[in-house]
Amino acid sequence: MAQEQGKKVKISVRNLVEFILRHGDLDNTQGYSDPDAMQEGTRLHKKIQKSMGINYAAEVAMSMMTPVEYDGEIFEITVEGRADGVMMVDSEIIIDEIKCVYLELSRIKEMQPLHRAQAMCYAAQYAIKHEMEQIGIQLTYCNIETENIKRFEEEFTRQELTDWYQALLTEYAKWVSWQYHWGMLRNETMKQLTFPFEYRPGQKELAAGVYRTILREKNVFIEAPTGVGKTISTLFPAIKAFGEGIIHKIFYLTAKTITRTVAEETFRILTAQGLRMKLVTLTSKEKSCILEKPDCNPGHCERARGHFDRVNDAVYDLLTHEEGITRELILSYAEKHQVCPFEMCLDVTTWADGVICDYNYVFDPNVYLRRFFSGDKKQDYAFLIDEAHNLVERAREMYSAMLCKEDFLEVKRLVKDKSPRIAKRLDACNSALLQMKRECDEIEVWENAGEFPLHVMRLIAEYEEFLQEHRSFDGRETVLNLYFELRHFMYIHDVMDENYLVYSDYAENGNFRLFLKCMDPSHNLAEVLKKGRSAVFFSATLLPVRYYKEQLGGREDDYAIYAPTPFRQEKRLLMIGTDVSTKYSRRTDAEYEKIIAYIEAVTKAKHGNYMVFFPSYQMMLKIYELSEGRIDGILMQKNSMTEAEREEYLDAFLPGAGVVGYCVMGGIFSEGIDLKQERLIGTIIVGTGLPMVCNERELFRGFFDRKNGNGFNYAYLYSGMNKVQQSAGRVIRTVEDEGVILLLDERFLNQQYQELFPREWFPYETVQLKNVQAALERFWNREK
């Protein structure tokens, strides 16, 4: 939120006002939109500014440093921003603040307090700098749909504004003071910090590479095989860069809970070495909420009432009394001050040195942390992106939008008796989709979305009114869900470019759907990465690096590092079964019998725990039915397992238990689990992991064939081989481990697959059913 440098701090007008002056209830029944972030809001801003004549200066940059005393010390606080307009009217200066809204203007009776405060900040700065005795402010509200305008005006003396502005800064100064003194202590411990382990081969060079990347304001893509210690090798140099003042915040981004836990454990190790660092882990609202189901309004949650009146005190109390910031501490202080723990945790991130969170909180346009990423200004952030191979598919989903025709009819049924106006707008959207449906047999690619987005925009305007007037009724959640989907659809429509396809199809239940599909997320991700100093992408399966570098928004001059494996080759046997195929055309009972025979051979060669990964749930079930009674200890992955069921499944893999786990490739057990030493001694990977052929995959294939001639690789091959590599990585987790990996499909011998093998997979053995037993005996009976 603020940039610190010793006793000098910079903060934007908006962030200062919203932080110090917010008050009242946490209320999800109030207005939801942030149209100023929309292109339509920006367009109207410019249109209003142009219409104001020659005595109106638009987008006036303002910045003022004010020395503020707090607790006997002087802090220099610079507040900066851009006034929407500065105009001269009858020899008087008026500061104009423009707000574009969907709300009907007749409902706006006065200046919204935070909008007024923003204008007052600019007016105070202008009056003080130009020594003006009197100055005015104007709030200009413009309805996005009608473009009607409503204005409010107010006048102040310079003394009034000076006193108000000084009080605002004095309140902020106590936070600046805490930040300054904490920063001095933190940075000293960071400078003294030493690497907590003996470096493994290549690890020191990897850490140095990460440090140089941050120093030079680049991005780096790291292929780091299991056992390299990639978490400590990326965190340690980032912390050292922090201590040198090169960066001011670390975002450790993950796709799954298990990798978040590894990051937290690494921080605990460094804390034991003397590191003092405020670290916070963001968990979902559902996991943090004190209610059975989150419902953030005063009518349903006692903590929502007056939440903003108390939350700053809660955060300050926590920061000044606690070293680490655990989930338990957040819950404890939230209870003490009677505030929402999730919202409090978000506020703590402002002052934390490091944030561990899901990719969403940085990249997703719906839930990203606006306090850090809403502007265009580059900040000294380091993004450490774990399991980065997951981000490609996740980003495609984040930057895509879909609306279902039947949802409009369902919402109309819920609201028609309450508002004929919104029902009419819903009808218009439904009719536009019905017209598209008539031209769509199975799937249809459109040049654009036609008139439909215009109908959506009009519906959103009506929605704002409706939600203000109807704050509680049966079915409101369904109505609200469509509203959020509409908002997201319009956001994506605004940012859509040549990397998108517009298409329609039918869901399995026959519902008609319209997609704005992000085919290549590189531009979207690059725009976010620009807001930080440096990004470190790392994974055990980031091959081919050029593909991930391209898709994840990398630049030509970004770095790539291939870290060497620390494991001895002789402790691992990798085999390719060349007499098996899992092609759809070859999936016969005879082929299934071969697969079962291979599983028998591997699991009987040495007693222990094994995992068998299948390309689909259907094949896993088929093999399970055929192998039941022939293979002992089978434990099959179930559909939609709860967290407790997953833990129970993994707990069965005790040393020597003889468990044969049947799992789905790319599923919950193919990455992010850590079964060390005797808990897992072998994996069998059935098939190449290629995604099933479907309409969406074929659209990807066609898109990249046209773009670069690599349609099959981008749509199928790279995704499949990544799943294969992740599954193979479940065995051999430490330098003491030994185990076997069997790849079952003749296609693994093809050059296009071999080119994607990690270096440590060479050399490998080719086997067939007739000689696999001998290969296994040689490995397990070798001299050690």
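So, Asp558 and Arg555: their side chains meet in a salt bridge, at 3.3 Å from N to O. Keep in mind that this is a predicted model. Which of these two partners is buried? That would be Asp558, with a relative accessible area of 5%. Arg555 is partly exposed, at 38% relative accessibility.

Now go to Glu393, which makes a salt bridge with Arg396; the closest N and O atoms there are 3.2 Å apart. Both residues sit in helix H14, which covers residues 391–398, and they are three residues apart, about one turn of the helix. In this pair Arg396 is buried, at 1% relative accessibility, while Glu393 is partly exposed at 31%.

How many salt bridges does the structure hold? The count is 49. One that I like is Asp27 with Arg471, where the closest N and O atoms are 3.9 Å apart. Asp27 is in the loop between helix H1 (13–20) and helix H2 (39–50), and Arg471 is in the loop between helix H17 (452–469) and helix H18 (476–495), so this pair ties together parts that are 444 residues apart in sequence. Arg471 is partly exposed, by the way, with 33% relative accessibility.

There's also a network: Glu217, Lys378, Asp380 and Arg533 are linked by salt bridges.

Glu643, Glu645, Glu647, Glu648 and Asp651 form a negative surface patch. Take Glu647 from that group: you'll find Glu647 in helix H23, residues 643–651, and Glu647 is partly exposed with a relative accessible area of 48%.

With a cut-off of 2.5 Å between the sulfurs, the count here comes to zero disulfides. Cys296 is buried, with a relative accessible area of 12%. Cys663 is buried as well, and there the relative accessible area is 0%.

That's it from me. Happy to go back to any of these on the screen.

Methods. Residues are numbered from 1 along each chain as its sequence is written. This is a predicted model: local features need pLDDT of at least 70, side-chain atom pairs count only at pLDDT 80 or more; totals for chains, interfaces and linings use all residues. Side-chain values use heavy atoms; hydrogens and water are left out. Patches are made of residues with over 30% relative accessible area and no salt bridge: like charges are joined within 9 Å, nonpolar side chains (Val, Leu, Ile, Met, Phe, Trp, Tyr) within 5 Å. Accessible areas come from the Shrake-Rupley method with a 1.4 Å probe; for residues, only the protein chains shown count as cover. A salt bridge is a side-chain nitrogen of Lys or Arg within 4 Å of a carboxyl oxygen of Asp or Glu. Lys and Arg count as positive and Asp and Glu as negative; His and the chain ends are not counted. The place of a charge is taken as NZ of Lys, CZ of Arg, CG of Asp or CD of Glu. Helices (H or I, at least four residues) and strands (E, at least two) are DSSP runs, numbered from the N terminus. Buried means under 20% relative accessible area, exposed over 50%, partly exposed in between (1.4 Å probe, protein chains only).
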